[in-house]
Amino acid sequence: MGSEFEQDGKHVFVYGSLMYLPVWGQVVKGVYPCLNAVAQGYQRHAVPGETYPAMIENADAQVQGLVWLNLRPDDVKRLDAFEGPEYERREIEVLLNTSGDTMKAEAYIWLNASVLTADLWSISRFEAEGMQAFLNKHVGNWNNTGQRK
């Protein structure tokens, strides 16, 4: 089953810090709607020494996140710069939580799984402990430099 959402720009699935408006709003310029979605066949790991996650393929897992709809090309470029060279933006299929429909979206996939441990990334831990540290370390100068620290 396909999604009924018109696509003028790119749909982007996010699964970590970019699910949160304090981060998202510092990186992109546009205002976009979003939907809750699941990426099946992927797993979200903690990145050692960081508060942000990495998503890698795992046929037996799934990752809960958001799909931001119809992003303009300039905001996709901002996201590419923000995510950095550790990730590759790839088209995947996601399942929308509310309707059960699927849709194509682009997601940032971690490139070097060998540096990851078995530790999974915790949304509740990020919200309780990691958000402020992430904002301070990676978003603090984003508007001035356009690059993640």
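Analyst: Glutamate 50 forms a salt bridge with lysine 137, their closest N and O atoms lying 3.1 Å apart. The pair links distant parts of the chain, 87 residues apart, with glutamate 50 in the loop between strand 2 (34-46) and strand 3 (53-71) and lysine 137 in helix 3 (residues 123-139); helices (H or I, at least four residues) and strands (E, at least two) are DSSP runs numbered from the N terminus. This is a predicted model, in which local features need pLDDT of at least 70 and side-chain atom pairs count only at pLDDT 80 or more, whereas totals for chains, interfaces and linings use all residues. Residues are numbered from 1 along each chain as its sequence is written, and side-chain values use heavy atoms, leaving out hydrogens and water.

User: What makes the pair of glutamate 50 and lysine 137 a salt bridge?

Analyst: The term requires a side-chain nitrogen of Lys or Arg within 4 Å of a carboxyl oxygen of Asp or Glu, and the closest N and O atoms of glutamate 50 and lysine 137 are 3.1 Å apart, so the pair qualifies.

User: Why does glutamate 50 get its accessibility label?

Analyst: Glutamate 50 has 24% relative accessibility, so it counts as partly exposed, and lysine 137, at 40%, is therefore partly exposed as well.

Key: Buried < 20%, exposed > 50% of the residue type's maximum accessible area, 1.4 Å probe, protein only.
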